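User: I am new to this structure and would like to learn how to read its features one at a time. Please give the general idea in each case and then show how it applies here.

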Amino acid sequence: MENNVKVKAERETKKFMKDVNSYLARKAGGKVPPEWACSCRLLGEYYKQFITLTTLIESLDDYFVPSKYGNVLNPLFGARDAAARRLERLMVQMGMTLKEASRMDMIDVAEEDDSPLATFLTGKDNIEKR
């Protein structure tokens with residue numbers, strides 16, 4: 001079981017980092033600068049931790065464990081949430097979230113929307129208004 005979790009996490013991390021490198025290369029104009037290597041390495045490690053912990057949580061029979069104060073939430077949840085926070089923080093710093101990418105003008109936002117709702121909201125319709 002434990003080996004399967006590790007193999008799954010490594011496979012998903014490899015795919016994720018391939019996509020990340022493609023994204024960063026596209027945004028950097030062709031090649032990921034070497035000074036980003038450390039951030040990319042950390043991103044891969046945080047992602048692998050998150051995937052590993054999530055997979056372990058999914059395989060649990062019960063989300064609670066006994067303690068001297070009664071049943072408490074399994075500590076894997078806290079570890080997974082900490083990994084998620086580190087991962088998200090680094091992704092924000094690298095402009096890899098939708099909000100950050102749009103704020104940093106790293107993604108193209110559609111200029112024209114020809115839907116009836118957009119036409120109505122922008123006032124570009126030919127409907128007489130009273």
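User: Which residue forms a salt bridge with Lys-8, and how far apart are the closest N and O atoms?

Analyst: The general idea is that side chains of opposite charge can pair when their charged atoms come close. In this predicted model, Lys-8 forms a salt bridge with Glu-12, and the closest N and O atoms are 3.9 Å apart. Lys-8 and Glu-12 are separated by about one helical turn because they stand four residues apart in helix H1. Lys-8 is partly exposed, at 27% relative accessibility, and Glu-12 is partly exposed as well, with a relative accessible area of 28%.

User: How many salt bridges does the count come to?

Analyst: The count comes to four salt bridges. One of them joins the side chains of Glu-45 and Lys-48, at 4.0 Å from N to O. Glu-45 and Lys-48 both belong to helix H2, where they are three residues apart, about one turn of the helix. Glu-45 has a relative accessible area of 33% and is partly exposed; Lys-48, at 26%, is also partly exposed.

User: Are the residues of the salt bridge between Asp-81 and Arg-80 buried or partly exposed?

Analyst: The side chains of Asp-81 and Arg-80 meet at 3.2 Å, N to O. Asp-81 counts as partly exposed, at 33% relative accessibility. Arg-80 has 19% relative accessibility and therefore counts as buried, since the cut-off for buried is under 20%.

User: How should I read the way in which two helices pass each other? At what angle do the axes of H1 and H2 cross?

Analyst: One reads the approach of the axes, the angle, the handedness and then the residues in contact. The axes of helix H1 (residues 2-28) and helix H2 (residues 37-58) come within 9 Å and cross at roughly 145°. The crossing of H1 past H2 is right-handed. On the H1 side, the residues that make the contact include Val-5, Lys-8, Glu-12, Phe-16, Met-17 and Val-20. On the H2 side they include Leu-43, Tyr-47, Lys-48, Ile-51 and Thr-55. Sorted by class, this contact of H1 with H2 has 11 nonpolar, five polar and five charged residues.

User: Thr-55 is among the H2 residues in that contact. Which residues does Thr-55 touch beyond its neighbours within four places in sequence?

Analyst: With those neighbours left aside, Thr-55 is in contact with Val-5 and Lys-8. Thr-55 lies in helix H2 and counts as buried, at 12% relative accessibility.

User: What is meant by a nonpolar core, and how many residues does the largest one have?

Analyst: In soluble globular proteins, nonpolar side chains tend to be buried together. Here the largest nonpolar core has 17 residues, and those with the most contacts inside it are Val-20, Leu-24, Leu-43, Met-94 and Met-96. H1, H2 and helix H3 (75-93) each supply at least two residues of this core. The most comes from H1, with six residues.

User: Where does Leu-43 lie, and which residues does Leu-43 touch?

Analyst: Leu-43 lies in helix H2 and is buried, with a relative accessible area of 0%. Apart from residues up to four places away in sequence, Leu-43 touches Phe-16, Met-17, Val-20, Leu-87, Leu-90, Met-91, Met-94 and Met-96. Leu-43 and Phe-16 illustrate how sequence and space are read together: they are 27 residues apart in sequence and 9.7 Å apart in space, C-alpha to C-alpha. Val-20, with neighbours within four places again left aside, is in contact with Leu-43 and Met-96.

User: Is Asn-74 buried or exposed, and where is Asn-74 found?

Analyst: Asn-74 is found in the loop between strand S2 (70-73) and H3. Asn-74 is buried, with a relative accessible area of 11%. Beyond residues up to four places away in sequence, Asn-74 touches Leu-60, Tyr-63, Phe-64 and Val-65.

User: Finally, how many helices and strands does the protein chain have, and in what order do the elements run?

Analyst: The protein chain has five helices and two strands. From the N terminus on, the order is α-α-β-β-α-α-α. Of the 130 residues in the chain, 28% are buried. Among contacts with a separation of 6 or more, 55% come from residues 24 or more positions apart.

Technical notes: Residues numbered from 1 in each chain as written. Predicted model: local features only at pLDDT ≥ 70, side-chain atom pairs only at ≥ 80, totals over all residues. Heavy atoms only, no water. Axes fitted to C-alpha atoms, helices over the stretch in contact; angles between N-to-C directions. Left-handed = near helix turned anticlockwise from the far one by under 90°. Contact = heavy atoms within 4.5 Å. Nonpolar A, V, L, I, M, F, W, Y, C, P; charged D, E, K, R; others polar. Buried < 20%, exposed > 50% of the residue type's maximum accessible area, 1.4 Å probe, protein only. Core = buried A, V, L, I, M, F, W, Y, C linked by side-chain atoms within 4.5 Å.
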